Amino acid sequence: MDTMLVPKWLKPLLSTPFFNECRIHADAARSECNMFCLDCNVDAFCFYCRSSKHKDHQVIQIRRSSYHDVVRVAEIQKMLDISGVQTYVINSARVLFLNERPQPKSGKAVPYICEICGRGLLDQVRFCSLGCKLVGIKRNGNASFVLDANNNEVSTMEEGMSRQQEEELREGSQQGMYPATPPTPPSNARRRKGIPHRAPFGP
């Protein structure tokens, strides 16, 4: 069941250390190892290694947010069913975290929590990261990383709708907070036409 629900490259991806300096291209400008090949399932590599060794392979790029590894939703959703995992917008891109992060101490109550690590979540989803979803699949078997063409199409549509609704709500709240400014009258609206003439005095 595990091999049916989880692709073989996912565990190596989640356990791979990223952002170390490439030993081969240490003197190059883009020598940090932030790439992972889904066909080779070995180690992280840099931009130059990709060009030379993984040219025709499936490769994803890992990014960093607050010292934690993230991957863009636009990239990973082509290979995995990421439903049930919390996503975030960072630097104008929607991303998700690879692994569980330490839970920050906060006295505020959160509406949703991760089923595995108890981390507070923004949306009504089950997991905070791909790693927690993997643990959830092993425990319960009621989730999957396997893409289904129909479900993926529906989830993409739903995500687009939720984003649109979120933008509409944000715009609506801004309109409520800041009333519309009345238009500025034309500069000549209050000017008199011609030279004013007084009525003549009586006798």
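Strand β3 (residues 63-65) runs antiparallel to strand β4 (residues 68-72), and three bridges join them; strands here are DSSP runs of E with at least two residues, numbered from the N terminus, and two strands pair if DSSP finds at least two bridges between them. R64 has D69 in β4 as its bridge partner. The two strands form a hairpin with two residues between them, and in the turn S66 has a positive phi of about 50°.

On β4 there is also an antiparallel pairing with strand β6 (residues 93-97), again through three bridges, where R72 stands opposite V95.

## Basis of the model

This is a predicted model, in which local features need pLDDT of at least 70 and side-chain atom pairs count only at pLDDT 80 or more, while totals for chains, interfaces and linings use all residues. Residues are numbered from 1 along each chain as its sequence is written, and side-chain values use heavy atoms, with hydrogens and water left out.

## Helix α5

Helix α5 spans residues 130-140, and its buried residues (under 20% relative accessible area with a 1.4 Å probe, protein chains only) are L130, G131, C132, K133, L134, G136 and I137; a helix is a DSSP run of H or I with at least four residues. Just after α5, G141 takes a positive phi of about 70°.

## Second largest pocket

The second largest pocket has a volume of about 410 Å³. Of the 18 residues that line this pocket, R23, C33, D43, A44 and F45 are the closest to its centre; a pocket is an open set of points on a 1 Å grid over the protein atoms alone, where a 1.4 Å probe fits, with protein on both sides within 12 Å along at least five of seven lines, and lining residues have an atom within 4 Å of a point. The lining divides into 10 nonpolar, four polar and four charged residues, with Asp, Glu, Lys and Arg counted as charged, Ala, Val, Leu, Ile, Met, Phe, Trp, Tyr, Cys and Pro as nonpolar, and the others, Gly among them, as polar.

Note on methods
Buried means under 20% relative accessible area, exposed over 50%, partly exposed in between (1.4 Å probe, protein chains only). Grid points are joined across faces, edges and corners, and a volume is the space filled by probe spheres set on the points.
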